[in-house]
Amino acid sequence: MAQAVIAFLKNQYVERDGLKQAFFAGCFGIFGHGNIAGIGQALQQMPEFRYYQARNEQAMVHIATAYAKTRNRLQTFACTSSIGPGATNMVTGAATATINRLPVLLLPGDIFARRNAAPVLQQLESEHTQDISVNDCFKPVSRYWDRITRPEQLLTSLPEVMRVLTSPAETGAVTLALPQDVQAEAYAYPEAFFHKRVWHIMRNRPDRKALEQAAAWIRASQRPLIVAGGGVIYSGATDLLQRFADQTGVPVGETMAGKGSLHYDHPLNLGAIGATGTFAANRIAREADLVIGIGTRYSDFTTSSKTAFQHPEVRFINLNVAEFDASKHLAMPLVGDAQATLAELLELLEPLDKSGSLDKSGSLDKSGSYRVEASYRSQAAQLHTEWDAEVERLYAIRHTPLPSQGELIGAVNERSAPDAIMVCAAGSLPGDLHKLWRARHPKNYHMEYGYSCMGYEIAGGLGAKMAAPERDVYVMVGDGSYLMMNSEIVTSIQENYKLILVLLDNQGFKSIGSLSRSLGQDGFGTRYAYPRDGVLPGDEMGPGVQTLPVDLAANARSLGAHVIECKTYADFVEALEAVRSTGRTSVIYIQNDRYEGVPGYESWWDVPVAEVSEMPQVQAARAEWETMREQERYFLGQEGGIPASTGP
Ligand SMILES: Cc1ncc(C[n+]2csc(CCOP(=O)(O)OP(=O)(O)O)c2C)c(N)n1
Ligand SMILES: [Mg+2]
């Protein structure tokens with residue numbers, strides 16, 4: 001049965017826009033008794049389906065996820081594990097993939113289907129049923145989940161696996177639990193099962209009526225705003241987005257996954273939107289009367305916890321492959337591929353017989369093409385310019401004795417090749433990078449912020465590098481994330497994929513520390529220091545705390561990386577030049593200031609504060625929270641939209 005799984009997987013191809021490729025780049029795996037003799041033997045027997053080792057099962061799922069993200073979901077890896085902790089280690093990876101809508105195939109081993117030997121090593125026993133194992137934990141984090149208790153079940157299961165993995169709307173983690181005994185059983189599978197199969201990735205088109213209605217809404221809008229999400233990039237709609245913005249003048253704000261949809265330099269790119277957004281995007285958002293969301297799932301970071309859009313009559317048009325996302329905020333749902341839908345929308349706004357002449361005064365030119373008013377367009381362009389100056393200011397800070405994170409981000413941005421990939425996931429970096437990183441191509445900014453999973457960074461960097469070996473990959477990682485999972489440095493060296501790690505040490509959680517202070521909690525539990533009188537020090541203890549004797553640079557060196565230790569901004573710049581020609585994974589280590597942060601810009605994030613507390617600072621934070629909470633809105637649709645239910 002396991003041989004059949006691998007033989008099937010290696011013959012699955014995808015095709016989009018005429019480009020055909022194998023869907024699986026191979027299989028990552030860590031072996032134990034639950035997969036060594038089954039999937040392990042099959043991989044050994046079929047070396048053309050390349051097997052890769054990893055150090056940690058969670059990491060291998062992150063590698064696969066990042067690979068899929070870099071390849072716009074057209075390719076991924078399978079991941080095999082044993083039956084117990086190896087399997088559950090993958091649960092966090094599965095959640096990361098599913099939340100980010102990225103395809104990965106998980107093949108955890110499972111307990112014996114024949115049961116007579118139970119309980120086997122690592123088996124979770126249950127008094128009320130024998131039909132349960134730790135692999136049931138994958139159910140809520142998988143888009144498709146199955147357990148193969150008879151070998152012939154593969155015949156109906158694997159096609160479902162492929163349908164879900166290759167569906168732009170449904171994709172995510174797919175889990176196929178493989179009982180250890182069944183993996184080794186024989187079955188006379190029909191030959192046709194193993195024929196090469198090409199899955200066409202569809203570019204679905206939206207309902208025509210909805211499209212016409214959406215075009216009418218756009219024509220009626222005075223202050224429209226595009227929110228560009230990851231779907232723009234995955235669909236390859238970035239050129240079209242630029243054309244749309246150029247022709248209509250509608251400005252663009254970018255989500256975490258959507259950053260890079262438009263070149264940072266484009267005058268209508270307002271940059272990051274939402275809680276970690278720019279003042280440019282957030283000001284335009286506040287007054288937008290129409291939000292055109294493209295490929296976004298409207299996370300609370302994007303909507304500033306539903307406070308970002310304050311126009312009393314704001315309404316939404318959502319272009320999305322998934323009906324679920326397209327319908328959010330009672331939008332006019334354009335359910336379809338971003339590229340195909342944008343093209344059709346543009347045609348409706350830009351009739352083919354147009355003269356192309358711009359009417360300076362109004363939103364329609366003589367030929368009926370839609371344009372935003374010139375004053376709105378120039379307001380957006382002005383904000384774009386002002387934001388760029390703010391980035392410049394933060395890049396130019398030279399904080400001492402320890403540098404600020406903003407200047408270090410600037411140095412990496414300015415000293416990396418324009419076609420490089422920057423990978424990040426958690427800590428204070430995502431917020432700062434969302435604001436400050438100047439994305440120069442759609443793959444320049446690889447941020448896992450659906451799950452913001454500490455530990456994704458280095459493994460994710462490896463996945464990105466494997467998907468794009470011709471590009472430099474910069475992994476920006478904090479000391480907390482580094483300590484949580486640095487194991488794949490070893491894999492990068494084993495497989496000779498050079499990563500450039502920028503390790504920013506601020507002795508603990510800068511991000512949660514600052515969040516904690518904003519909630520009146522003094523950075524409780526966020527510093528790496530010895531306890532004093534049985535209590536871990538927070539920020540109220542100042543700089544005089546006893547730090548831990550940890551040497552992260554030495555740690556990275558011990559894993560085989562080339563390490564450059566820096567103290568100053570000047571050292572850092574020199575190191576960035578030096579790493580461009582090193583031969584293997586290299587780590588630039590630098591300490592940075594815990595308190596020198598990039599500010600927020602006219603946005604909010606809802607983190608509820610205790611209603612009752614004995615701490616005065618917490619009471620103050622609660623009062624402020626209550627004021628902001630009042631600005632949170634429900635978007636219930638406006639007249640002319642899809643019918644909103646009114647009254648009983
Ligand atoms: C696996 C996981 N656990 C906990 C969190 C919550 N969290 C978000 S950021 C953060 C601290 C990250 O520390 P570090 O990597 O040093 O970055 P810094 O905040 O210092 O920039 C924590 C604990 C998370 N995102 N992921
Ligand atoms: Mg830190």
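Visitor: Is Gly508 buried or exposed?
Guide: Gly508 has a relative accessible area of 4%, to be set against classes in which buried means under 20%, exposed over 50% and partly exposed in between, computed with a 1.4 Å probe on protein chains only. The model is a predicted one, in which local features need pLDDT of at least 70 and side-chain atom pairs count only at pLDDT 80 or more, whereas totals for chains, interfaces and linings use all residues. Residues are numbered from 1 along each chain as its sequence is written, chains are lettered from A and ligands numbered from 1 in the order in which they are written, and side-chain values use heavy atoms, with hydrogens and water left out. Because 4% falls under the cut-off, Gly508 is buried.

Visitor: Why can the protein chain be called as compact as a globular protein of its length?
Guide: The protein chain has 22 helices and 21 strands, and its C-alpha atoms fill a box of roughly 80 × 65 × 60 Å along the principal axes. The globule rule is 2.2 Å times the number of residues to the power 0.38, and the radius of gyration is taken over C-alpha atoms. The rule gives 26 Å for 648 residues, so the description holds because the radius of gyration of the chain is close to that, at 26 Å.

Visitor: What percentage of the contacts in the protein chain between residues at least 6 apart join residues at least 24 apart?
Guide: Contact means heavy atoms within 4.5 Å. Of the 648 residues of the chain, 58% count as buried. Among the contacts between residues at least 6 apart in sequence, the share that joins residues at least 24 apart is 74%.

Visitor: How far apart are the C-alpha atoms of Ser82 and His33?
Guide: Ser82 sits in the loop between β5 (76-81) and α4 (85-99), and with a relative accessible area of 9% it is buried. Not counting residues up to four places away in sequence, Ser82 touches several residues, among them Ile30, Gly32, His33, Gly34 and Asn35. Ser82 and His33 are 49 residues apart along the chain, yet their C-alpha atoms are separated by 6.3 Å.

Visitor: Which residues are in contact with Ser305, leaving aside its neighbours within four places in sequence?
Guide: Ser305 lies in the loop between β13 (290-294) and β14 (315-320). Its relative accessible area is 6%, so Ser305 is buried. Its contacts outside that sequence neighbourhood are Asp300, Trp604, Trp605, Asp606 and Glu632.

Visitor: What is omega for the peptide bond between Thr400 and Pro401?
Guide: Pro401 is placed in the loop between α13 (374-396) and α14 (405-415). A cis bond also runs from Ala118 to Pro119, with omega near -5 degrees, and Pro119 is found in the loop between β6 (104-110) and β7 (144-147). The bond joining Thr400 and Pro401 is cis, and its omega is about 0 degrees.

Visitor: What is the phi of Asp522?
Guide: Asp522 is found in the loop between α19 and α20 (552-558), and it is partly exposed, with a relative accessible area of 29%. Gly525 lies in the loop between α19 and α20 as well, and at 43% relative accessibility it counts as partly exposed. Asp522 is not a glycine, although its phi is positive, at about 60 degrees.

Methods. Helices (H or I, at least four residues) and strands (E, at least two) are DSSP runs, numbered from the N terminus.
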